[in-house]
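Here is a short briefing on one chain. Read it with the coordinates open.

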Amino acid sequence: MINEQLLNPKSIVVVGASEDVMKPGGKILKNIVDGNYNGDLYVTNLKSDVVQGIKSYRDVADLPDSIDLAVLAIAAKFCPHTVEVLAKQKNTKAFIIISAGFSEENEEGAQLEQQIVKTINEVGGCLIGPNCVGVLTTNHSSVFTTPIPALEPHGADFISGSGATAVFIIEAGMAKGLKFNSVYSVGNSAQTGVEEVLEYLDYSYEPEKSSKIKLLYLESVNNPQKLLKHASSLIKKGCKIAAVKAGNSEAGSRAASSHTGALASSDLAVDALFKKAGIVRCYGREELANVAAVFMIEELRGKNIAVITHAGGPAVMLTDALSNGGLEVPAISGPKADALLEKLFPGSSVANPIDFLATGTAQQLGDIIEACENDFDHIDAMAVVFGSPGLFKNEEVYKVLHQKIRACKKPIYPILPSVVNVKDDIEMFINMGNVNFPDEVLFGNALTKVFNTPKPVMVNGDDASIDVAAVRRIVEAQPNGYLTPEAVQDLLDVAGVPRVKEFVSSKVEELQKAVDEVGFPVVMKVVGPVHKSDVGGVVLNISSGEQLVAEFERMMKIEDATAVMVQPMASGKELFIGATYEPGFGHMVLCGMGGIFIEVLKDVSTGLAPVNQDEALEMIRSLKSYKIIQGVRGQKGIDENKYAEVIVRLSNMLMHAPEIKEMDINPLLGEGEKVIAVDARIRIEK
Ligand code: ADP
Ligand code: MG
C-alpha cells in the first residue's frame with residue numbers, strides 16, 4: 001500500500017548509485033538531485049566512497065538507522081538481502097525497485113520477487129516494482145528516465161503498467177503542455193499495482209488539494225472490482241479519468257457455443273467496466289494525451305462550439321469532427337454578430353466558423369472571443385485555430401489567447417498547428433501554463449469522446465424483487481452444463497422475465513393435451529440439441545393434430561433428442577439478451593436485436609451486472625439498431641422501458657448465480673409493451 005514514506009520521504013537511499021548517468025543507477029540519482037529533493041540523500045556503491053559528489057556507503061548495513069525510501073538499482077539476486085537489511089534494521093518503509101530479472105523473466109526471478117514482497121509486508125511497507133521506471137512526485141524525482149515533466153499539484157496523476165510506455169505517454173503529454181502531479185510506474189506490480197495506487201488516490205483524496213485528473217495505462221486489469229470501485233468513487237468526487245487498456249484481441253480464441261460466447265470477450269468486459277465507472281477509454285498515446293489536455297480545461301457544459309480561425313481548412317475538418325461526435329457548431333447571427341463583423345477585415349465571416357482571414361490580428365481575436373463570451377449566449381465553448389504560414393510571428397496573438405483563457409468563463413481550446421514555424425511562440429504559450437492541441441481533428445475526437453462518456457452509475461441495481469433463495473435452489477440442484485428447459489423456465493420465472501408458455505414431453509398424447517389448452521397454431525421444438533434450428537428441430541405454425549404427430553415422430557429421431565416442446569406462436573421483433581461471466585469482473589450483460597443485427601452486424605451493447613434501469617436504457621439507446629426498436633416507417637416500435645426492465649431483472653438474478661457462465665435469450669419477441677422470451681439457454685459450471 002502506498003504510504004507517506006514513498007510520497008514524501010524525509011530520507012532516500014539510492015542503492016547501487018553510479019557515477020555514469022547513462023546507467024539507471026546514475027540517472028536516477030541525477031534526477032533526484034536535479035529535482036531539488038530537499039530531504040537527506042544517501043547512496044551506496046560497492047566500489048566507491050563518493051558518487052556524483054555524494055558520500056557513498058559500501059554496505060547498506062553501514063547506513064544511518066532511519067531511511068524512509070530506498071531506490072534499488074542492483075542486480076535482482078542481491079535485492080532480497082538488501083531489502084531485508086533496510087526493512088528490518090533501517091526502518092525503511094518504502095521501496096522502489098527498478099531492477100529487472102524478476103517474475104517477468106523466470107521462475108527463479110518470481111521467487112526472489114515473492115521473498116521481497118514477504119519481507120516488505122512484514123514491516124507494513126510499500127513496494128513499487130520491480131522492473132519499473134520509478135516514481136515521480138512533487139517531492140522527489142525517483143525515476144531513471146527522462147524527460148521529467150513539469151510537476152504541479154493540479155497536473156495529472158499518471159499510473160502506468162509499463163515503464164517504457166509511461167515515458168512515451170509523458171512525452172506525448174509534454175508536447176501538448178500537459179502538466180503532471182505524479183507518475184507511478186508499477187512494473188511487475190508485485191505488491192502495488194495500478195488498482196492499488198488508484199485506491200490510495202481515492203482514500204487520500206482531498207477536494208481542495210488533490211489533483212482531479214487521473215491517467216492510466218493498463219496491460220491487464222488484475223482486480224476489476226477494485227478498479228471499478230475506486231475509479232467511480234474518484235469520478236463521483238469530481239475527478240476525470242482516462243485510460244488505455246492495451247491488448248484487446250482475444251475474442252477469436254474462445255470456444256463459442258452461443259451468440260454470447262462468440263461476441264463476448266474480456267475486452268468487452270473492460271469496455272463495460274470503464275463505462276460503468278465513467279472512465280474515458282482511449283486506444284493510444286496521442287489520444288490519451290489529447291483527452292488529458294481536454295481534462296485540463298474547464299469542463300464543457302453544452303453542445304455548442306464556436307470555431308474561430310484564420311484558416312478555412314482546419315476549421316472545416318474540426319467542424320466535421322465535432323459534428324460527427326455529436327457536438328454542434330451552430331450559426332451565429334443578429335445585430336451583435338453584425339457589430340463584431342464591423343471590427344474585422346472585409347471578407348471575414350462570423351457565421352461560425354468565425355473566419356477572420358489570414359491577415360487577422362491579435363486585437364481582432366480578442367474581440368471575437370469577447371463576443372463569444374458575452375454576446376452569443378448559445379455558445380458554450382470556443383475552439384481557436386491559429387497557426388502561421390511563416391510570414392509572421394504569433395507572440396501577440398498567443399498572449400491575447402492566454403489572457404482570454406484566464407479571463408473567460410466559457411472553455412477555450414487552443415489549436416496551434418504551426419509546431420515548426422512558430423515553435424518558440426507555442427513554447428512560450430505552453431510555458432505560461434496552457435495546453436495546446438496541435439491537430440484539430442484529434443482534438444475534436446478527444447473532446448467529443450470526453451463529452452459522450454457517461455457519468456458513473458450513481459445507484460446500483462435494486463434486486464429487492466428477486467427471490468434469492470429460489471435462485472440458489474435451482475442452480476444448486478442442477479449438474480454442470482446446459483440447464484434443462486424446466487430449470488430455465490424456473491429461473492426466468494424467479495427473475496420475473498416474461499416468457500412464452502411451454503410444455504415439454506416425450507409422449508405425444510401429453511403434447512396433444514397441452515395443445516388442447518392453448519390452441520393452434522403452435523411451435524414445436526426438439527429438446528436436447530443446443531442449436532435446434534440447425535438440426536431441423538424448430539417448426540413454426542403447426543396448425544393441426546396430424547401435423548403435430550408427424551413432426552413429433554420426426555423430431556424424436558433427431559440425434560440427442562430427449563423430448564419435444566410446444567409453445568404458442570408469439571409475434572414481434574426479435575431481440576437478444578446475453579450474459580457471460582468474466583472472472584474478476586462478474587457478469588457482463590449484452591443486448592441487441594436478433595437475426596442479422598447480431599450475426600452479421602454484431603450490433604450489441606454491454607453492461608456490467610448489476611445493471612440498473614438507466615444503464616439498461618443507455619445500453620439500448622446506444623445500439624445502431626435503436627431506431628428500429630423505436631419503430632421506423634410506420635412500424636410499431638418496442639417499449640424500451642419494458643426491454644430495459646428485462647435486462648435489469650436478468651442482471652439482478654445473475655448477481656446471485658456466479659455459476660451461470662453463459663446464457664442467452666435469443667430471441668425475445670418484442671412488440672409494443674409486450675416483450676417475451678421464446679428461447680433461452682443457460683450453462684452453469686460450479
Ligand atoms: P434455436 O435458436 O435453437 O434455433 P429458437 O427457439 O430460437 O431455436 O427458434 C428459432 C426461431 O424460431 C426463433 O429465432 C424465432 O424466430 C422462431 N420462434 C421460436 N419460437 C417461437 C414462438 N413461440 N413464436 C414465434 N416464433 C418463434
Ligand atoms: Mg434461439
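A residue is called buried when its relative accessible area is under 20%, and exposed when that area is over 50%. His 402 has a relative accessible area of 15%, so it counts as buried. The model is predicted.

**Overall**
- The chain holds 24 helices and 29 strands.
- Its C-alpha atoms fill a box of roughly 100 × 75 × 35 Å along the principal axes.
- Of the 686 residues, 55% are buried.
- The accessible surface comes to about 28800 Å², and carbon and sulfur atoms account for 51% of that.
- Take the contacts between residues at least 6 apart in sequence: 71% of them join residues at least 24 apart.

**Around His 402**
- His 402 sits in helix α14 (residues 395–407).
- Beyond its neighbours within four places in sequence, His 402 is in contact with Phe 429, Met 432 and Asn 434.

**Magnesium site**
- Asn 666 (O) and Asp 679 (OD) coordinate the magnesium ion (ligand 2), at 2.1 to 2.2 Å.
- This pair links distant parts of the chain, 13 residues apart. Asn 666 belongs to strand β27 (residues 660–671), while Asp 679 is in the loop between β28 (674–677) and β29 (680–684).
- Both Asn 666 and Asp 679 are buried.

**Enclosed elements**
- Helix α6 (residues 194–203) is largely enclosed by the rest of the structure, because 9 of its 10 residues are buried.
- Strand β25 (residues 586–593) runs antiparallel to β26, and 5 bridges join them. Val 589 has Gly 607 in β26 as its bridge partner.

**Strand β18**
- In a regular strand, side chains alternate between the two faces of the sheet.
- Strand β18 (residues 412–415) is covered on both faces. Ile 412 and Pro 414 are buried on one side, Tyr 413 and Ile 415 on the other.
- Strand β17 (residues 381–385) runs parallel to β18, with 4 bridges between them. Val 385 stands opposite Ile 415.

**Salt bridges**
- The count comes to 31 salt bridges.
- Arg 472 has a salt bridge to Glu 476, with the closest N and O atoms 3.0 Å apart. Both residues lie in helix α17 (residues 468–477), 4 residues apart, about one turn of the helix.
- Arg 472 also meets Glu 659 in a salt bridge (2.5 Å, N to O). That pair links distant parts of the chain, 187 residues apart, with Glu 659 in the loop between α24 (640–654) and β27.
- Glu 659 has a relative accessible area of 13%, so it is buried.
- Arg 58 and Asp 49 form a salt bridge (3.2 Å, N to O). Arg 58 is partly exposed at 42% relative accessible area, and Asp 49 is partly exposed at 47%.
- Glu 84, Lys 88, Lys 118 and Glu 122 are linked in a network of salt bridges.

**Surface patch**
- Ile 596, Val 600 and Leu 601 form a nonpolar patch on the surface, with about 300 Å² of accessible area together.
- Val 600 lies in the loop between α21 (596–599) and β26 (604–608). Its relative accessibility is 59%, so Val 600 counts as exposed.

Conventions. Residues numbered from 1 in each chain as written. Chains lettered and ligands numbered in written order. Predicted model: local features only at pLDDT ≥ 70, side-chain atom pairs only at ≥ 80, totals over all residues. Heavy atoms only, no water. Donors = N, O, S within 2.8 Å, 3.2 Å for Na, K, Ca; no water. Helix = DSSP H or I, 4+ residues; strand = E, 2+ residues; numbered from the N terminus. Buried < 20%, exposed > 50% of the residue type's maximum accessible area, 1.4 Å probe, protein only. Patch = residues over 30% accessible without salt bridge, like charges linked within 9 Å, V, L, I, M, F, W, Y side chains within 5 Å. Areas by Shrake-Rupley, 256 points an atom, 1.4 Å probe, with all protein chains shown as cover. Salt bridge = Lys/Arg side-chain N within 4 Å of Asp/Glu carboxyl O. Pairing = 2+ DSSP bridges. Contact = heavy atoms within 4.5 Å.
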